[in-house]
Amino acid sequence: MQLPSQLRAAVDSFLEDTPIDVLKQAARRLSERYRAELRDGRLHMSEDLAVKAYLATRLPATYAAVWASFDAIAAARPNWSPASLLDVGAGPGTALWAAADTWPDLSHATLVEASDPARRMGQNLAGHLPFQSEWKSGDATRNLSDLAPADLVTCAYVLDELEPAARVSLVDQLWRLAADTLLIVEPGTPAGWQRILACRAQLIEAGAHVLAPCVHAAPCPLTSPDWCHFSRRVARSRIHRLAKDAEVPWEDEKFAYIAVSRHRPDDESQSMRVLAPQRAGSGKVELKLCCPDGSAATRLFTKRKGDTFKRAKRADWGDALTD
């Protein structure tokens, strides 16, 4: 997966005057903070150079994860299109660009970001989009009651920076602000999955309908050391490869997410969710599936299944599959 060409060009223009050695060091520091899930009172993107490191090395991956999550929402509700977006913890506007690509009818966005450098960069990038966006200074732990509800509310890669009590309060506020749909995305680690599970339980208790990735509202059937997460392969640009000292032209971004709505999915008979890469052989394919009855199961599909086999063979990790 690649960034939209307009976004790619804008990012490259912002980075072209930054020496690669400087970008490498900044990218290394940023990666260490993300991996350690540091909560030391400092923002991950507290300075311009950290934002440039994010643009070079993290933006493509987070864009791919958020876009894939939006794609799952669109599949669950193909007749719905949001007119407004509220993104809390927006960074430089990653979710904004993914939403605009998924729903061309999006006409207004409000973005809340605590980092001044990230917010300034986001405003510059958003100037390339054909609709209005309003950027507000603020962090995810503050009272969000002054914000107007939006059709689609997003919060991506934010909860890992917060203490547990702050997460509960934030999720409650995000749900109140969601006129229709709420999406929360976290790193695809066991810890990220646990945060998503907690959000899922809280939102179901509040009356939300799960759109994706779950195909039921029962307790998650997966148990440790297994965990629910997904992956998207991301194409690396030249600057991306240089900043990471990477040889291969791609990387895999692992993520976990929960999408809920005040409305049920358009077709509740839909489905199962593919929970892992398929295992294919001659005339057969094996899939690990989350099933509507609340279970997780591995199923073998053979050519004798006809159209069902063809759908199973095309199914990728994270896709919905009808029987």
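Student: Which residues are buried in helix 1 (residues 5–15)?

Tutor: First, some conventions. The model is a predicted one, in which local features need pLDDT of at least 70 and side-chain atom pairs count only at pLDDT 80 or more, while totals for chains, interfaces and linings use all residues. Residues are numbered from 1 along each chain as its sequence is written, and side-chain values use heavy atoms, with hydrogens and water left out. Helices (H or I, at least four residues) and strands (E, at least two) are DSSP runs numbered from the N terminus. Buried means under 20% relative accessible area, exposed over 50%, and partly exposed in between, with a 1.4 Å probe and protein chains only. In helix 1, the buried residues are Leu-7, Arg-8, Ala-10, Val-11 and Leu-15.

Student: Why do the buried residues of helix 1 line one face of the helix?

Tutor: An α-helix has 3.6 residues a turn, so residues three or four places apart point the same way. Seen down the axis of helix 1, the buried residues fall within an arc of 165 degrees, so they line one face; the arc is that of the directions from the helix axis to the C-beta atoms. These buried residues pack against helix 3 (48–57), helix 4, helix 5 (94–102), helix 6 (116–126) and helix 9 (238–244). Contact here means heavy atoms within 4.5 Å.

Student: Which residues have the most contacts inside the largest nonpolar core?

Tutor: In soluble globular proteins, nonpolar side chains tend to be buried together. A nonpolar core is a set of buried Ala, Val, Leu, Ile, Met, Phe, Trp, Tyr and Cys residues joined through side-chain atoms within 4.5 Å. The largest one has 64 residues, and Phe-70 and Leu-96 have the most contacts inside it. Helix 4 (residues 59–76) gives the most to this core, with nine residues. Apart from this core lies another, of 29 residues, including Ala-140, Leu-170, Cys-199 and Val-260.

Student: Which residues does Phe-70 touch?

Tutor: Not counting residues up to four places away in sequence, Phe-70 touches Ala-95, Ala-98, Ala-99, Thr-102, Trp-103, Leu-152, Thr-154 and Leu-183.

Student: What is the volume of the largest cavity, and which residues lie nearest its centre?

Tutor: Rolling a probe the size of a water molecule over the atoms shows where empty space is left. On a 1 Å grid over the protein atoms alone, a cavity is a set of points where a 1.4 Å probe fits but cannot get out, and lining residues have an atom within 4 Å of a point. The largest cavity has a volume of about 160 Å³, the volume being the space filled by probe spheres set on the points, which are joined across faces, edges and corners. Of its 18 lining residues, Trp-193, Pro-213, Cys-214, Cys-220 and Cys-228 lie nearest the centre. Helix 8 (190–205) supplies the largest share of the lining, four residues.

Student: Where does Pro-213 lie?

Tutor: Pro-213 lies in the loop between strand 6 (209–212) and strand 7 (230–235). The peptide bond from Ala-212 to Pro-213 is cis, with omega near 0 degrees. Pro-225 is found in the loop between strand 6 and strand 7, and the bond to Pro-225 from Ser-224 is cis, with omega near 10 degrees.

Student: Is Tyr-157 buried or exposed?

Tutor: Tyr-157 is buried, with a relative accessible area of 11%. Its phi is near 55 degrees, a positive value in a residue other than glycine.

Technical notes. On a 1 Å grid over the protein atoms alone, a cavity is a set of points where a 1.4 Å probe fits but cannot get out, and a pocket is an open set with protein on both sides within 12 Å along at least five of seven lines; lining residues have an atom within 4 Å of a point.
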